[in-house]
Amino acid sequence: MSQDSRKVALIGTGMVGMSYAYAMLQRGSCDELVLSDIDKNRARGEAMDLNHGLAFSESSMKIYAGDYRDVRDADIAVICAGAAQKEGESRLDLTERNAAILTDITKNIIASGFEGIFLVATNPVDIMTRVVYKVSGFESGRVIGTGTTLDTARLRYLTGEYFGVDPRNVHAYVMGEHGDSEFVPRSQALIGTKHVTKIIEEYPADFSMEDLVKISGDVRNAAGEIIKAKKATYYGIGMALARITEVILGDRNSILTVSAKLCGEYGREDVFAGVPCVVGRDGIERIISLALTSDELSKFHTSCDILEKMYQSLNLE
């Protein structure tokens, strides 16, 4: 990956893709951003719209519409294309439709000569990331899904509100599927350096474990609530994508709960799921193995079993 020029190729200029592009522009996250979409005219219009805002930004990004040939020398190919999740539809219902779309996209990107890092946001993201890995033939560390990064951000926000602290001082994760079987390993949840259970023990009149269980449910159901209210979610995931991109391009070695291929961690092989990972210039540097309780490990296996079953139903192997 070149450190002189940071180039990102975005495939899919729908609401998620453009929320990401807008966040990138506002933060000056890269030097060059190429937009690609099956609707070429839309990609051209989105590029024009972003460029007209450059005068109000501190960024000097080069933004333009392109095609797969422009992906060849990108550091990161960000895939946001795919069918949208409908109200009342689970992420897993999208599997077959989006697997076909991402298979075609990945083949075209590889044909361009691309040698960077894949970053996948299309839902169901854990399965779609595995599809890209399978089709691309890339090493697993260079194929990353957004995983539970947004879910973790939601958890930290709601937990911070509950305890009255800055969410950036909440150290807790959502693991497993980005979807209905995700779970919060509360054995790993800290406020600052203090475990949440200790805080509850010290202030039983103010806080309770039942409230934390409710927060976990609110996190799990957040996407459904947002879709019910405004038909789609895009701002949060757009900002999560921008954060992951900055971590990669800046070689920050940050810990993010991205969707990664498990190679024996937590007793699982091959499945892609949201787990804490160290992410840097080369993609996923390593997966962090947390000391989960037996109950938490059981929940993780249940989530992985669901993802494995859905992936195998595609008959791609």
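Is Lys-7 buried or exposed? I found a relative accessibility of 5%, so Lys-7 counts as buried (buried means under 20% relative accessible area, exposed over 50%, partly exposed in between, with a 1.4 Å probe and protein chains only). I note that this is a predicted model, in which local features need pLDDT of at least 70 and side-chain atom pairs count only at pLDDT 80 or more, while totals for chains, interfaces and linings use all residues. Residues are numbered from 1 along each chain as its sequence is written, and side-chain values use heavy atoms, with hydrogens and water left out.

I next looked up the salt bridges (a side-chain nitrogen of Lys or Arg within 4 Å of a carboxyl oxygen of Asp or Glu), and the count came to 16. Asp-73 forms one with Lys-7, with the closest N and O atoms 2.5 Å apart; Asp-73 lies in the loop between strand 3 (62–65) and strand 4 (76–79), 66 residues from Lys-7 in strand 1 (strands are DSSP runs of E, at least two residues, and helices runs of H or I, at least four, numbered from the N terminus). Glu-32 also meets Lys-7 in a salt bridge, at 3.8 Å from N to O, and this pair joins strand 2 (residues 32–36) to strand 1 (residues 7–11). Glu-32 counts as buried at 16% relative accessibility, whereas Asp-73 is partly exposed at 43%.

I then turned to helix 4 (residues 125–136), where nine of the 12 residues are buried, so the helix is largely enclosed by the rest of the structure. The buried residues include Asp-126 and Arg-130, and Gly-137, which follows the helix, has a positive phi near 75°.
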